[in-house]
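Hi everyone, thanks for coming. Let me put the structure up, and then we'll go through two spots in it.

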2 protein chains.
Amino acid sequence: MGNSIATVCLSGDLGERLDAAAAAGFEAIELFEHDLTTSDLTPEEVRRRCAALGLRIEMLQPFRDLDSTSPERFARNLRRADGKFALMERLGIDMLLVVSSVAEDAVADTGLLAEQLAVLGSRAAGCGLRIAYEALAWGRHVNTWEASWEAVRRSDHPAVGLCVDSYHVLAVDGNPDGIAGVPAAKLFSVQLADAPRLPMHVLQLSRHHRVFPGQGALDVPRFVDAVRRSGFRGPLSLEVFNDDFRAGDPRATASAGRRSLDLLRAGGLQGRGETRWSRVQLTGAPGALADVDHTLAGLGFVDAGGRSRRHGDAVVVLEPGEGPARIARTVLHDSAGIRSRTPGPDGTELVVEPLTAPAAPSGRWSIDHVALQVPTGRLAECELAHRTAGFVPQRAEEIGTPAGLLRRQPLATHDRGARVLLSSLLVTGPAAVATPQQTVAFGCTDVLGAARAARAAGVPVLPVPANYYEDLACRTELPPALISVLREFDVLYDLSDGGALLRFGTIAFGAVGFELVQRVGAEDGYGELSAPVRIAALHRRQRADLRRATA
Amino acid sequence: MGNSIATVCLSGDLGERLDAAAAAGFEAIELFEHDLTTSDLTPEEVRRRCAALGLRIEMLQPFRDLDSTSPERFARNLRRADGKFALMERLGIDMLLVVSSVAEDAVADTGLLAEQLAVLGSRAAGCGLRIAYEALAWGRHVNTWEASWEAVRRSDHPAVGLCVDSYHVLAVDGNPDGIAGVPAAKLFSVQLADAPRLPMHVLQLSRHHRVFPGQGALDVPRFVDAVRRSGFRGPLSLEVFNDDFRAGDPRATASAGRRSLDLLRAGGLQGRGETRWSRVQLTGAPGALADVDHTLAGLGFVDAGGRSRRHGDAVVVLEPGEGPARIARTVLHDSAGIRSRTPGPDGTELVVEPLTAPAAPSGRWSIDHVALQVPTGRLAECELAHRTAGFVPQRAEEIGTPAGLLRRQPLATHDRGARVLLSSLLVTGPAAVATPQQTVAFGCTDVLGAARAARAAGVPVLPVPANYYEDLACRTELPPALISVLREFDVLYDLSDGGALLRFGTIAFGAVGFELVQRVGAEDGYGELSAPVRIAALHRRQRADLRRATA
């Protein structure tokens with residue numbers, strides 16, 4: 001099964017899309033007809049360009065509203081198809097994708113539909129071409145893969161086969177397993193897309209929010225497994241309509257799509273071994289790093305040789321560079337992991353290394369999670385990089401901040417040995433601060449003790465507004481004495497069904513702040529309720545720093 | 001009825017939100033509690049700041065999940081409310097907004113709910129406070145204004161009244177008319193929000209896409225009319241959750257909100273008279289304008305004195321300035337209009353002047369529409385400015401372009417005397433060109449004749465790819481001879497139910513291109529099907545210009 005991508009996944013003009021697909025190592029493309037119609041390349045030029053790039057044009061798509069209860073209209077639709085057959089000949093394409101009709105005159109009767117498909121099939125066969133028929137999830141009568149297969153089967157024409165698309169099956173909770181029973185010779189085309197679960201109509205979700213396999217919430221591996229069992233040997237073809245991809249760098253998008261297919265082929269998620277964050281590497285001008293170093297020392301970190309600072313199993317590396325302090329690299333140790341390096345759109349690099357040492361004794365500090373703010377519109381890309389490394393998305397949250405709504409997407413490895421909290425403003429406007437918010441959160445078993453020690457050592461702790469504690473007293477049954485200790489040491493407290501999360505943080509140095517985190521019980525969250533308080537406090541601080549810097 | 005705005009409508013920290021509300025002339029705010037909890041201002045400081053700004057704090061909101069089928073939980077909720085009463089005293093607020101419960105233990109029985117509301121009312125009254133009760137459209141049991149009014153009525157407590165919100169009524173197609181029958185003394189609070197019609201769940205729509213009255217599709221004037229007839233004399237309060245507003249400039253947002261209320265109060269839409277575009281004013285460096293002038297001359301425009309060029313009733317003014325050519329100002333004549341000037345986020349200014357001259361004789365060129373590209377995320381703002389001038393939104397479209405999905409929002413005056421086509425990329429990425437696309441489209445009755453004349457005069461017409469005409473031949477029944485003429489002169493042809501739109505355009509000079517448009521029959525559109533072809537061609541051209549400029 002080779003790799004193919006539909007031109008509609010990418011941005012730019014058609015030539016740029018083809019270049020990007022080839023550069024990412026795709027062997028084939030699906031030509032989205034709109035991209036040709038708006039292009040100034042002739043069909044012959046497109047054919048030559050694809051040939052020169054080593055790209056096969058897998059099919060032309062989509063052909064809409066073929067069937068009709070009106071014979072006149074069906075005849076007109078056939079004439080329309082003839083025009084496309086002529087175009088396909090010029091392009092050197094042998095397959096046309098016909099999608100189930102959404103028109104009012106669509107055929108409800110499967111027998112008649114199969115007949116009309118066979119008529120089209122005969123005309124296609126006359127030109128040496130084939131028809132792949134696909135059910136749109138919002139098709140008027142045909143909207144499941146089973147219904148489209150029934151029509152294809154009954155059309156009983158060698159030039160008419162089935163196209164299945166993971167999105168149209170899974171986004172409406174269809175069952176893909178039966179695809180394994182479709183004869184491979186009748187399965188002409190397989191399209192893949194994933195999608196998040198968003199409370200919107202399946203058509204709206206499809207047009208704006210599809211993502212590459214692994215970036216959403218659909219069980220694409222199960223779909224591909226069914227396809228594989230059918231004996232299908234054609235390419236897996238990405239067909240993703242996504243607002244961000246359509247506006248993004250086409251080469252980055254194509255390359256992310258390619259990685260997604262590689263991951264899928266490698267058997268889905270890796271990282272079934274033991275995992276942990278090995279270290280976080282910071283960079284920045286020496287003066288900026290000196291402030292960080294001083295704070296780490298105040299938190300009890302010790303020099304671990306060279307540029308490393310260590311507290312228990314938590315290691316931070318300070319790599320001199322330029323500018324304000326920021327995270328340059330996160331390093332994951334995974335006993336089942338494969339060595340890899342993935343640069344992210346947030347400017348950090350995710351490194352995976354094999355884990356060789358045994359598990360850490362409990363009670364020592366560790367890296368609980370790393371929080372990274374990602375540029376608006378590039379969260380999915382960053383999420384995919386972490387999924388590739390074995391992280392699995394946890395429940396996403398949306399949080400009101402002074403700079404706008406912030407989407408937080410936490411991910412964790414299967415053994416919860418490593419966690420990352422990605423966040424991104426839904427919209428970037430004038431209230432946003434250019435410096436992202438990055439946090440290295442250390443896990444410990446006595447956050448109040450750590451807070452007391454930090455206070456004694458003069459660590460600059462991020463102040464929490466009194467309003468927070470007053471609200472906490474209203475909405476929880478926490479003893480007043482506990483609340484007053486939390487308040488004294490600027491500790492945030494999030495109670496959940498599973499347990500509780502206690503934490504306090506330092507101010508940010510450049511982009512980077514530190515947190516001490518204590519998980520009580522089966523706590524698996526990241527402090528959703530208190531997050532707006534911490535983020536607003538960091539935002540105030542960053543703005544004040546900025547004002548000072550520009551004054 | 002005064003003007004109020006909820007702090008959640010705006011971006012920034014609480015202090016900035018208050019400043020913005022005051023600067024826009026609001027008399028009151030609703031304090032969204034989250035904005036206080038995350039603030040480092042104490043309640044007393046907020047009170048003083050509001051007093052200094054001349055802002056009354058209308059209410060604290062929202063208090064969630066009050067009622068409960070479990071007596072213990074209800075008792076706990078009352079204690080939570082006591083804490084908020086204490087807070088309100090410090091803030092100097094006398095009203096708390098209680099929203100209908102979404103919790104599993106919410107009370108289904110209206111009698112019990114009314115009892116629990118009365119208990120809360122008594123406690124509030126003991127502190128000199130009041131409770132406004134509001135139905136959320138997604139409330140577990142109470143999700144219509146009628147149900148909330150029934151609970152309030154049966155609670156029969158002077159300190160318990162009703163809050164109605166246009167969004168919660170209209171977004172689920174509720175009927176607001178009955179609100180006129182609610183005794184004014186029991187109507188404690190009125191919140192206003194509009195929303196577009198988007199295919200998504202009412203909660204998702206509410207949290208991300210609410211807009212100010214007049215910016216969406218809901219009949220807020222009808223809602224306000226019912227409120228007015230009830231005898232309500234309190235403030236109209238804007239409560240809008242919107243991703244763009246939350247990230248935007250709080251002063252611009254507050255000022256747009258204020259204009260929205262002014263418009264609403266003035267009796268809704270103006271512009272019921274005769275309307276027409278009077279002129280479009282371009283600016284740019286003298287050299288850039290010379291190219292424009294040359295092209296206008298080629299199109300048959302004549303010098304109309306000073307900096308004006310005229311063809312029939314179409315007038316373009318060339319105002320020397322700096323940089324590439326662009327639209328500086330559009331001037332609408334409206335026989336019922338009030339003189340106004342509104343700067344838009346796209347850098348153009350919309351001017352309304354009274355129309356005094358009689359209607360133009362037919363057959364002459366006129367300004368059919370002006371197309372303006374607006375920065376991503378600021379379409380609603382620009383739409384409001386045009387609604388204020390009497391434009392009404394027509395059906396929006398989303399169009400795939402090389403730079404990403406483009407949303408096109410056309411608006412027209414009631415007599416179709418003037419039209420504007422606003423567009424905005426949903427996401428701005430690296431494929432976007434910094435120069436916006438602006439078009440002045442002239443209406444004429446013989447576009448093929450005009451195209452022939454333009455060709456003869458050497459006007460630089462924007463080339464349309466051959467692929468477009470080949471597709472046109474496939475999907476329409478147009479005679480081949482007509483298609484070949486269209487193709488010869490680069491004329492786009494859009495067939496619709498109402499008629500047809502024929503047009504051709506010049507290349508863009510800086511940001512500005514010209515179009516000649518012919519509407520056949522009852523055509524009311526803007527060439528949705530051919531728009532991607534034209535936009536892609538402009539995009540190619542702009543990118544080529546850019547490459548030349550930087551080479």
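Why is strand β3 (residues 56-63) of chain A largely enclosed by the rest of the structure? Seven of its eight residues are buried, meaning under 20% relative accessible area with a 1.4 Å probe and protein chains only. Helices (H or I, at least four residues) and strands (E, at least two) are DSSP runs, numbered from the N terminus.

Before going on: this is a predicted model, where local features need pLDDT of at least 70, side-chain atom pairs count only at pLDDT 80 or more, and totals for chains, interfaces and linings use all residues. Residues are numbered from 1 along each chain as written, chains are lettered from A and ligands numbered from 1 in written order, and side-chain values use heavy atoms, without hydrogens and water.

Now the neighbours. Strand β2 (residues 28-32) of chain A pairs with β3(A) in the parallel sense over five bridges; pairing takes at least two DSSP bridges. Here A:L31 stands opposite A:L60 of β3(A). With strand β4 (residues 95-99) of chain A, β3(A) also pairs in the parallel sense, over two bridges, and A:F63 faces A:V98 of β4(A) there, standing opposite it.

Over to chain B. The axes of helix α11 (residues 250-265) and helix α13 (residues 379-388) of chain B come within 11 Å and cross at roughly 30 degrees; axes are lines fitted to C-alpha atoms over the stretch in contact, with angles from 0 to 180 degrees between N-to-C directions. α11(B) and α13(B) are therefore roughly parallel, the word for angles under 35 degrees. Thanks, everyone!

Conventions. Buried < 20%, exposed > 50% of the residue type's maximum accessible area, 1.4 Å probe, protein only. Parallel < 35°, antiparallel > 145°, perpendicular 65-115°, else oblique.
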